[in-house]
Amino acid sequence: MSHDCLFCKISQGEIPSKKVFENDEFFAFHDIQPAAPVHLLIVPKQHVTSMQQVTENDAGWLGRMMVLAARIAHENGCRPGPQGGFRLVTNSGLDGGQEVDHLHLHILGGERPWSQRADQNA
Ligand code: 5GP
Ligand code: ZN
(Lines give C-alpha, C1' and ligand atoms only; values in the text may rest on other atoms or scores of the structure.)
(Ligands and ions follow the chains in the order given, each with its own letter.)
Protein backbone atom coordinates (compact mmCIF):
# COMPACT_ATOMS: atom_id res chain seq x y z
CA MET A 1 0.00 0.00 0.00
CA SER A 2 1.29 3.41 -0.99
CA HIS A 3 -0.11 6.03 1.38
CA ASP A 4 -0.29 8.78 -1.20
CA CYS A 5 -2.03 6.67 -3.82
CA LEU A 6 -5.68 7.32 -4.73
CA PHE A 7 -6.36 3.79 -6.01
CA CYS A 8 -4.68 2.17 -2.98
CA LYS A 9 -7.05 4.21 -0.81
CA ILE A 10 -10.08 3.29 -2.93
CA SER A 11 -9.21 -0.42 -2.96
CA GLN A 12 -8.75 -0.38 0.84
CA GLY A 13 -12.13 1.31 1.27
CA GLU A 14 -10.56 4.49 2.69
CA ILE A 15 -12.06 6.57 -0.12
CA PRO A 16 -15.61 5.69 -1.23
CA SER A 17 -16.34 4.33 -4.68
CA LYS A 18 -19.11 2.47 -6.47
CA LYS A 19 -17.69 -1.02 -6.05
CA VAL A 20 -18.70 -3.80 -8.43
CA PHE A 21 -16.24 -6.54 -7.36
CA GLU A 22 -13.66 -7.32 -4.69
CA ASN A 23 -11.53 -10.32 -3.77
CA ASP A 24 -8.10 -10.77 -2.15
CA GLU A 25 -6.25 -9.57 -5.24
CA PHE A 26 -8.47 -7.09 -7.08
CA PHE A 27 -10.94 -4.26 -6.60
CA ALA A 28 -13.28 -3.05 -9.38
CA PHE A 29 -15.40 0.11 -9.35
CA HIS A 30 -17.16 2.64 -11.56
CA ASP A 31 -15.03 5.37 -13.10
CA ILE A 32 -16.03 8.72 -11.57
CA GLN A 33 -16.16 10.36 -15.02
CA PRO A 34 -17.54 7.71 -17.38
CA ALA A 35 -16.50 7.96 -21.02
CA ALA A 36 -18.92 5.21 -22.15
CA PRO A 37 -22.27 3.81 -20.94
CA VAL A 38 -20.26 1.19 -18.99
CA HIS A 39 -16.95 2.48 -17.63
CA LEU A 40 -15.35 0.45 -14.89
CA LEU A 41 -11.82 0.26 -13.49
CA ILE A 42 -10.07 -2.84 -12.12
CA VAL A 43 -7.00 -2.42 -9.93
CA PRO A 44 -4.71 -4.90 -8.21
CA LYS A 45 -4.79 -4.39 -4.43
CA GLN A 46 -0.98 -4.44 -4.36
CA HIS A 47 0.49 -1.12 -5.44
CA VAL A 48 1.99 -1.45 -8.94
CA THR A 49 2.61 1.88 -10.66
CA SER A 50 1.99 0.89 -14.26
CA MET A 51 2.62 -1.72 -16.96
CA GLN A 52 6.11 -0.26 -17.19
CA GLN A 53 7.03 -1.97 -13.92
CA VAL A 54 5.69 -5.47 -14.58
CA THR A 55 7.98 -8.46 -15.08
CA GLU A 56 7.61 -12.19 -15.77
CA ASN A 57 6.74 -12.60 -12.09
CA ASP A 58 3.55 -10.62 -12.62
CA ALA A 59 2.21 -12.81 -15.44
CA GLY A 60 -0.09 -14.82 -13.16
CA TRP A 61 -2.08 -12.00 -11.60
CA LEU A 62 -2.08 -10.00 -14.84
CA GLY A 63 -3.67 -12.99 -16.58
CA ARG A 64 -6.23 -13.35 -13.81
CA MET A 65 -7.04 -9.64 -14.09
CA MET A 66 -7.78 -10.01 -17.83
CA VAL A 67 -10.05 -13.00 -17.24
CA LEU A 68 -11.81 -11.12 -14.45
CA ALA A 69 -12.25 -8.10 -16.72
CA ALA A 70 -14.31 -10.10 -19.21
CA ARG A 71 -16.49 -11.48 -16.42
CA ILE A 72 -17.03 -8.10 -14.78
CA ALA A 73 -17.80 -6.52 -18.16
CA HIS A 74 -20.60 -8.98 -18.82
CA GLU A 75 -21.95 -8.77 -15.28
CA ASN A 76 -22.18 -4.97 -15.50
CA GLY A 77 -23.92 -4.23 -18.76
CA CYS A 78 -21.52 -4.98 -21.60
CA ARG A 79 -23.47 -6.89 -24.20
CA PRO A 80 -22.32 -10.42 -25.08
CA GLY A 81 -21.33 -11.67 -28.53
CA PRO A 82 -19.79 -9.98 -31.58
CA GLN A 83 -22.47 -7.28 -31.70
CA GLY A 84 -21.65 -6.34 -28.12
CA GLY A 85 -18.23 -6.55 -26.53
CA PHE A 86 -16.04 -4.14 -24.63
CA ARG A 87 -12.78 -2.24 -24.79
CA LEU A 88 -9.91 -2.77 -22.31
CA VAL A 89 -7.35 0.02 -21.87
CA THR A 90 -4.37 0.45 -19.58
CA ASN A 91 -2.55 3.76 -19.90
CA SER A 92 1.08 3.68 -18.77
CA GLY A 93 3.26 6.68 -18.01
CA LEU A 94 2.95 10.26 -19.25
CA ASP A 95 3.33 9.30 -22.90
CA GLY A 96 0.63 6.69 -22.34
CA GLY A 97 -1.80 9.26 -20.93
CA GLN A 98 -1.81 7.82 -17.40
CA GLU A 99 -3.22 10.17 -14.76
CA VAL A 100 -3.43 7.91 -11.70
CA ASP A 101 -0.14 6.15 -10.95
CA HIS A 102 -1.56 2.81 -9.82
CA LEU A 103 -1.95 0.23 -12.61
CA HIS A 104 -5.57 -0.02 -13.69
CA LEU A 105 -7.58 -1.54 -16.47
CA HIS A 106 -10.40 0.52 -17.97
CA ILE A 107 -13.40 -1.56 -19.07
CA LEU A 108 -15.51 0.39 -21.57
CA GLY A 109 -18.69 -0.88 -23.13
CA GLY A 110 -22.37 -0.39 -23.81
CA GLU A 111 -24.13 0.72 -26.94
CA ARG A 112 -22.27 3.28 -29.08
CA PRO A 113 -21.80 6.18 -29.70
CA TRP A 114 -19.33 6.73 -26.87
CA SER A 115 -17.48 9.94 -26.13
CA GLN A 116 -14.35 10.55 -28.21
CA ARG A 117 -12.37 10.26 -24.98
CA ALA A 118 -13.25 6.56 -24.81
CA ASP A 119 -11.55 5.92 -28.14
CA GLN A 120 -8.49 7.98 -27.26
CA ASN A 121 -7.30 7.24 -23.74
CA ALA A 122 -10.53 6.58 -21.85
P1 5GP B 1 -5.90 7.13 -16.42
O2 5GP B 1 -5.94 8.43 -17.18
O3 5GP B 1 -4.88 7.19 -15.31
O4 5GP B 1 -5.77 5.92 -17.28
O5 5GP B 1 -7.33 6.98 -15.78
C6 5GP B 1 -7.68 7.40 -14.50
C7 5GP B 1 -9.18 7.28 -14.39
O8 5GP B 1 -9.51 7.38 -13.02
C9 5GP B 1 -9.95 8.38 -15.13
O10 5GP B 1 -10.83 7.79 -16.08
C11 5GP B 1 -10.70 9.11 -14.01
O12 5GP B 1 -12.00 9.51 -14.38
C13 5GP B 1 -10.71 8.07 -12.89
N14 5GP B 1 -10.72 8.65 -11.57
C15 5GP B 1 -9.92 9.67 -11.11
N16 5GP B 1 -10.19 9.94 -9.82
C17 5GP B 1 -11.16 9.06 -9.44
C18 5GP B 1 -11.86 8.86 -8.20
O19 5GP B 1 -11.62 9.52 -7.19
N20 5GP B 1 -12.80 7.87 -8.19
C21 5GP B 1 -13.08 7.12 -9.29
N22 5GP B 1 -14.04 6.19 -9.16
N23 5GP B 1 -12.44 7.29 -10.47
C24 5GP B 1 -11.49 8.25 -10.54
ZN1 ZN C 1 -1.56 2.42 -5.22
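I'll start at the ligand. A backbone N or O atom of Glu99 lies 2.7 Å from an oxygen atom of ligand 1. Keep in mind that this is a predicted model.

Two side chains also make contacts here. Asp31 places a polar side-chain atom 2.5 Å from an oxygen atom of ligand 1. For Arg117, an N or O atom in the side chain is 3.1 Å from an oxygen atom of the ligand. As for cover, ligand 1 taken alone exposes 520 Å², and the protein buries 87% of that.

Which residues come nearest to ligand 1? There are 18 residues around it, and the nearest are Asp31, Asn91, Glu99, His104 and His106.

Now the aromatic rings. Searching the whole structure gives 2 aromatic pairs. In one of them, Phe7 and Phe29, the ring centres are 5.4 Å apart and the planes are at 75°; the cut-off for edge-to-face is over 60 degrees, so this pair is edge-to-face. Phe7 belongs to helix H1, residues 6–11, and Phe29 to strand E2, residues 26–30, so the pair ties together parts that are 22 residues apart in sequence. Phe7 and Phe29 are both buried.

The other pair is Phe27 with Phe29. Here the centres are 5.9 Å apart and the planes are at 50°, so the pair counts as tilted. Phe27 is buried, as is Phe29. Taken together, Phe7, Phe27 and Phe29 form one aromatic cluster.

One last item, on a charge and a ring. Arg112 has its charged end over the ring of Trp114, at 3.7 Å from the ring centre.

Note on methods. Residues are numbered from 1 along each chain as its sequence is written. Chains are lettered from A and ligands numbered from 1 in the order in which they are written. This is a predicted model: local features need pLDDT of at least 70, side-chain atom pairs count only at pLDDT 80 or more; totals for chains, interfaces and linings use all residues. Side-chain values use heavy atoms; hydrogens and water are left out. Rings of Phe, Tyr and Trp (its six-membered ring) pair if their centres lie within 6.5 Å; planes under 30 degrees apart count as stacked, over 60 as edge-to-face and the rest as tilted. Helices (H or I, at least four residues) and strands (E, at least two) are DSSP runs, numbered from the N terminus. Buried means under 20% relative accessible area, exposed over 50%, partly exposed in between (1.4 Å probe, protein chains only). A charge sits over a ring if NZ of Lys or CZ of Arg is within 6 Å of the ring centre and within 35 degrees of the ring normal. A residue is near a molecule or strand if one of its heavy atoms lies within 4 Å of it. A polar contact is a pair of N or O atoms within 3.5 Å; within protein, one must be able to donate a hydrogen and the other to accept it, and residues adjacent in sequence count only if both atoms are side-chain atoms. Accessible areas come from the Shrake-Rupley method with a 1.4 Å probe; for residues, only the protein chains shown count as cover.
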